[in-house]
Amino acid sequence: MLGISVYLQEPIEEEKIRRFYDAGFRSLFTSLHIPEEDASAYRTKLQLLGSIASALDMELIADISTASMEKLDLDWDSAETVLNWGLTGLRIDYGIEDEVIVRLSQKMKVALNASTLTKNQLERLIQAGLRTTHTEVWHNFYPRPETGLALSDFLAKNLLFQTHGLKVQAFIPGDRNLRGPLHQGLPTLEQHRMYGTFAAFTELKAYKVDKILIGDPDVTDGALMQLKDASNTIALRAQHYGERTEAHHLLEQGTHNRPDRARDVIRSEESRMSGMFQNVELTPFNCIERNEGSITIDNDLYMRYKGEIQITRRNLPQDDKVNVIGQILPEDVPLLNYIEARKHFRVIWV
């Protein structure tokens, strides 16, 4: 499941939420760390967000603490009141008693904090009656650079949680209007801080993460298009060199990596097999060093390989027989690792 984050410090924009809904997003997250002077305004905004979520049949999970419950004029005995506001569950912060968590899991979805939950506590909660079908484990996001999780720790924790039948959630960064005050992205994994949104999504999907939410408030139309098409293709954003040609058009329409996956390059199966360049003159052009993510086409000098379109998986030397016709954006280069044999991919020219 894909989701977005909506922060109550900002205006609640139904049109923006519908934009994500139309792209297949079905989860909303918000944080209820409430300044004292804004408590009543937050309650009104939360109820508005809940009404939008209910109308769209989207889940709405709020990060909540004892302090924020009090500011909403609630306590843990009346926490289920939020269900009447359109929320579907609560992400429980550190320090809540086990019996409260178990009781809430009988009434609503409960998201436990993956950063603080230990194996012993999880097993204790299960023995006490935790309803695991209503329980998920959510990782934090990390605004400050260099503080995000290491991949090895992340995977080890996920294995523990999923072994106990719990779904795992993690955050990926957006690529527009990054949340302040640092504006450095809101990923769970530190390595994703410099990834494009779709590249981070694709990696978490490969790691069997059950629910992936964008931590920042927004993404560009290009990133949203990539996410919308994710079930059918890997879309890579790229700049083109020279005039747009039939090669650029083929990549825009989409093609497949060959079944015999090469080590160094992704090979478009359709580019040569279709014979579309057989009678087209392909003179040498922009025969430069092929950096990782270079988009190339073999020119007339390559004889029987003429017309083969490739994307380089690693840095390769200049070759007079190979024209460089584009370059994958740096933040999308990690996606090349996920274009397996026979995988469909396409290029969005930016």
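## The largest pocket

Helix 9 contributes the most to the lining of the largest pocket, with 3 residues (helices are DSSP runs of H or I of at least four residues, strands runs of E of at least two, numbered from the N terminus). Helix 9 (246-253) and strand 14 (322-328) each provide at least two lining residues. The model is predicted: local features need pLDDT of at least 70 and side-chain atom pairs pLDDT 80 or more, while totals for chains, interfaces and linings use all residues. Residues are numbered from 1 along each chain, and side-chain values use heavy atoms, without hydrogens and water.

The volume of the largest pocket is about 280 Å³. Of its 17 lining residues, Thr245, Glu281, Leu282, Ile297 and Asn323 are the closest to the centre. A pocket is an open set of points on a 1 Å grid over the protein atoms alone where a 1.4 Å probe fits, with protein on both sides within 12 Å along at least five of seven lines; lining residues have an atom within 4 Å of a point. A volume is the space filled by probe spheres set on the points, which are joined across faces, edges and corners.

An open sheet of mixed pairing is formed by 7 strands in the order 10-15-9-14-12-13-11. Strand 10 (255-256) and strand 11 (265-267) are its edges, each pairing on one side only. Strands pair if DSSP finds at least two bridges between them. Strand 12 (residues 294-298) runs antiparallel to strand 14, with 5 bridges; Ser294 has Gln327 of strand 14 as its bridge partner.
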